[in-house]
Amino acid sequence: MSKEDISRRQFLNYTLTGVGGFMAAGMLMPMVRFALDPILKEGTDQELVAVTSVEEIANEPKRFDFKIKQKDGWYESDVTQSAWVYKAKNGDFIALSPICKHLGCTVDWNTDPSHPNQFFCPCHLGRYTKDGTNVKGTAPLAPLDVYDSQVKDGKLYLGKAKPRKGA
Amino acid sequence: MLQKIYDWVDERLDITPLWRDVADHEVPEHVNPAHHFSAFVYCFGGLTFFITVIQILSGMFLTMYYVPDIVNAWESVYYLQNEVAFGVIVRGMHHWGASLVIVMMFLHTLRVFFQGAYKKPRELNWVVGVLIFFVMLGLGFTGYLLPWDMKALFATKVGIEIAMTIPVVGPIAKTFLAGGEIIGAQTLTRFFAIHVFFLPAALLGLMGAHFLMIRKQGISGPL
């Protein structure tokens, strides 16, 4: 290696850039990690909540409201959620989230006169069949989320609404 | 790669003279610690600026979690400090930096004072420096209230009582600072607005003037 490979000026430039970069990184790393924390936080699990006694559940979807405890950063509150619940032909209880998979409006049961017995979203005329499957050709691209559910002592308990694979 | 991007922009916009004007200037021998170690006293102004940059950055990040509201302020500070990753460090930078910036500014002022560097033609720069000092004190005073704990509340009560003792305009100053008759919800939002918008804007303007003047006049000669 000859002497002229790196000049004094270049050496100092590299050293200063390196030290400066190290200092800047040390300063910015905690701040950036601080800002990115919501992305890296683990999702919270939700306790099952008693929604209704099973006698109330019919073959026709019915809307039930229930309260869950929500922790939003430093703010804890009771939040009302809704579910469309019905009894399937095989006797299972199906609880569907009313949140449209297109852009998050609220769907209603059987409110579109031209398409009876379907879930209907008024925002962009999205439709779902009774089991929550999105009707092809309408706005939503996935079926309605289905709640984790459990029957205990004659009552239906619901947990978190989970997404399903597209139709 | 970077060089190519720079060249592409420079070819069109001729940006080299812009940053050369700012960055390329000779450091006289008497301010260079490599020649005289005692020249480290010239570092304090730059250190004040460096810590100010840290304060602005850490403050910007803190506002991602902080809310200036009497119900939630303390909870949000507790949350960001204890639940958010590196919260204790980011808040620590802002907390300790606030004190450190006053210390550095004070040392810088002492250097300028004892070297007589404020004398003609640099009197105006001294005046701007004193204004920066007041703005910094204002930032410290308004920032102290924001965590909304007991120390913050009572320190602010004392501070506002001090403002109350100003002859003639005291009561007006008190109501203006508190945003009403009591020190509460409106004081907190007011102090937050002053702390993150009004004073930083004033600070940036004054610092710009401070730096412009020192570049125009050059650093004062050796003793």
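The model is predicted. Chain A is divided into two parts, domain 1 (1–41) and domain 2 (49–162). Chain A also touches chain B, through 10 residues of chain A and 16 residues of chain B.

**Domains of chain A**
- Taken over C-alpha atoms, the centres of domain 1 of chain A and domain 2 of chain A are 52 Å apart.

- On the side of chain A that touches chain B, helix α1 (residues 8–40) of chain A gives the most, with 7 residues.
- The residues on this side of chain A comprise 7 nonpolar, 1 polar and 2 charged.

**Helices α7 and α8 of chain B**
- Helix α7 (residues 150–164) of chain B and helix α8 (residues 170–178) of chain B have axes that come within 7 Å and cross at roughly 150°.
- Because angles over 145 degrees count as roughly antiparallel, α7(B) is roughly antiparallel to α8(B).
- From α7(B), the residues Ile160(B), Ala163(B) and Met164(B) meet Gly170(B), Pro171(B), Ala173(B), Lys174(B), Leu177(B) and Ala178(B) of α8(B).
- The contact of α7(B) with α8(B) involves 7 nonpolar residues, 1 polar and 1 charged.

**Helices α4 and α5 of chain B**
- The axes of helix α4 (residues 73–82) of chain B and helix α5 (residues 87–114) of chain B lie 6 Å apart, and the two helices pack at an angle of about 115°.
- Here Leu80(B), Gln81(B) and Asn82(B) of α4(B) meet Gly87(B), Val88(B) and Arg91(B) of α5(B).
- The residues of the contact of α4(B) with α5(B) are 2 nonpolar, 3 polar and 1 charged.

Methods: Residues numbered from 1 in each chain as written. Chains lettered and ligands numbered in written order. Predicted model: local features only at pLDDT ≥ 70, side-chain atom pairs only at ≥ 80, totals over all residues. Domains from an automatic or database assignment. Axes fitted to C-alpha atoms, helices over the stretch in contact; angles between N-to-C directions. Helix = DSSP H or I, 4+ residues; strand = E, 2+ residues; numbered from the N terminus. Parallel < 35°, antiparallel > 145°, perpendicular 65-115°, else oblique. Contact = placed C-beta atoms within 7 Å. Nonpolar A, V, L, I, M, F, W, Y, C, P; charged D, E, K, R; others polar.
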